[in-house]
Amino acid sequence: MGILPAKTKSNAKALVLQDHAGEYLVEALVPGIHRHELEVSLCAHSLTVGHHRKHNRIRLPDDADTLLTAAELKDGRLQIHIPKVPGGCFHPTKTCLVVY
């Protein structure tokens with residue numbers, strides 16, 4: 001397991017990308033924000049997490065499967081699980097995630 005550097009659109013260090021054996025895990029602390037207030041979207045290999053006018057974006061590794069991504073919010077911690085696919089998996093269309 002390791003933590004990969006995540007380049008965000010703003011100066012906030014809100015998104016942390018962790019490399020696990022079979023998946024990537026992106027975490028963000030969002031205390032006081034309800035799941036219906038969050039905007040989580042994927043386009044190609046770019047993950048964007050936003051709330052109102054503040055958005056953070058990171059580029060995902062090439063072997064991330066952006067079609068099988070799941071997001072959950074619990075106790076102010078947003079976790080986005082992104083499976084790994086050998087050889088990579090590229091999906092050029094934008095996908096909005098439902099946060100559970």
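These legends go with a set of close-up views of one predicted model.

Residues are numbered from 1 along each chain as its sequence is written, and side-chain values use heavy atoms, with hydrogens and water left out. Because the model is predicted, local features need pLDDT of at least 70 and side-chain atom pairs count only at pLDDT 80 or more, while totals for chains, interfaces and linings use all residues.

View 1. Helices (H or I, at least four residues) and strands (E, at least two) are DSSP runs, numbered from the N terminus. Read along the sequence, then, it's β-β-β-β-β-β-β-β-β. Of the 100 residues, 37% are buried, where buried means under 20% relative accessible area, exposed over 50% and partly exposed in between (1.4 Å probe, protein chains only). Take the contacts (heavy atoms within 4.5 Å) between residues at least 6 apart in sequence: 54% of them join residues at least 24 apart.

**View 2. The largest nonpolar core, with its 22 residues.** A nonpolar core here is a set of buried Ala, Val, Leu, Ile, Met, Phe, Trp, Tyr and Cys residues joined through side-chain atoms within 4.5 Å. Val 26, Val 40, Leu 47, Leu 60, Leu 78 and Ile 80 touch the most other members. At least two residues of this core come from each of S3 (23-29), S4 (38-43), S5 (46-51), S7 (70-74) and S8 (77-83).

**View 3. Val 26 and Leu 15.** Leaving aside residues up to four places away in sequence, Val 26 touches a list of residues including Leu 15, Leu 47, Leu 60, Leu 78 and Ile 80. Leu 15 sits in the loop between S1 (2-4) and S2 (16-19). Leu 15 counts as buried because its relative accessibility is 6%.

**View 4. The S7 and S8 hairpin.** These two strands pair in the antiparallel sense over 5 bridges; pairing requires that DSSP finds at least two bridges between two strands. Leu 73 has Leu 78 as its bridge partner in S8. The hairpin has 2 residues between its strands, and Asp 75 in the turn shows a positive phi of about 55°. On S7, Ala 71 and Leu 73 make up the covered face, while Ala 70, Glu 72 and Lys 74 lie on the uncovered one.

**View 5. Leu 38 in strand S4.** Leu 38 is buried, since its relative accessible area is 10%. Among the residues Leu 38 touches, not counting those up to four places away in sequence, are Val 30, Ile 33, Leu 73, Leu 78 and Val 99.
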